[in-house]
Amino acid sequence: MVWKLVNEAFACLPVAAIIDDKVFCTHGGVPRRVEQTQDIYKEIMNVKRPIMKMSELVLELMWNDPCRGKQQLQSLGKNGCTKWFGPSPRGEGCFVFGQEATEFFLKQVGCSHMIRAHEAVEVGFTLQKHGK
């Protein structure tokens, strides 16, 4: 019962927020959709809630990760992905993204930095993608 109620509450939360007009906050990361639209910010802010079924956009905002290490960096542009994205070890529907995707996305949403939530670090926080 508690699990169901918690999930119902999560379904009502926004998938992203912007702090002080410069910091984009989301659980996961850059969605591939950024390459296909001029107004990704509007699409993200118009996600209907409660979220009953995850769209591709919502899934990628929740679970995409920045690429790490040589192997993931070399995966960008492979397996049907564009040059900014690669397959994720998380499985189908999730992707890793590179520095260019991060920079382009932040420019599209009018922000200078991104805060991501779903990867724990031992102490404090970790800077990725050139401190973006």
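Reply: A salt bridge is a side-chain nitrogen of Lys or Arg within 4 Å of a carboxyl oxygen of Asp or Glu. This is a predicted model, in which local features need pLDDT of at least 70 and side-chain atom pairs count only at pLDDT 80 or more, while totals for chains, interfaces and linings use all residues. Residues are numbered from 1 along each chain as its sequence is written, and side-chain values use heavy atoms, with hydrogens and water left out.

Me: Why is the contact of Arg 33 with Glu 43 called a salt bridge?

Reply: The closest N and O atoms of Arg 33 and Glu 43 are 2.8 Å apart, and the limit is 4 Å, so the pair qualifies. Arg 33 lies in the loop between strand 2 and helix 2, and Glu 43 in helix 2, so the pair ties together parts that are ten residues apart in sequence. Helices (H or I, at least four residues) and strands (E, at least two) are DSSP runs, numbered from the N terminus.

Me: What makes Glu 60 buried or exposed?

Reply: Buried means under 20% relative accessible area, exposed over 50%, and partly exposed in between (1.4 Å probe, protein chains only). Glu 60 has 1% relative accessibility, so this residue counts as buried. Its salt-bridge partner is Arg 32, at 2.8 Å from N to O. Arg 32, at 22%, counts as partly exposed. Salt bridges that share partners join Arg 32, Glu 56 and Glu 60 into one network.

Me: Why is the pair of Phe 24 and Phe 105 called edge-to-face?

Reply: Rings of Phe, Tyr and Trp (its six-membered ring) pair if their centres lie within 6.5 Å; planes under 30 degrees apart count as stacked, over 60 as edge-to-face and the rest as tilted. For Phe 24 and Phe 105 the centres are 4.9 Å apart and the planes stand at 85°, so the pair is edge-to-face. Phe 24 belongs to strand 2 and Phe 105 to helix 5, 81 residues apart.
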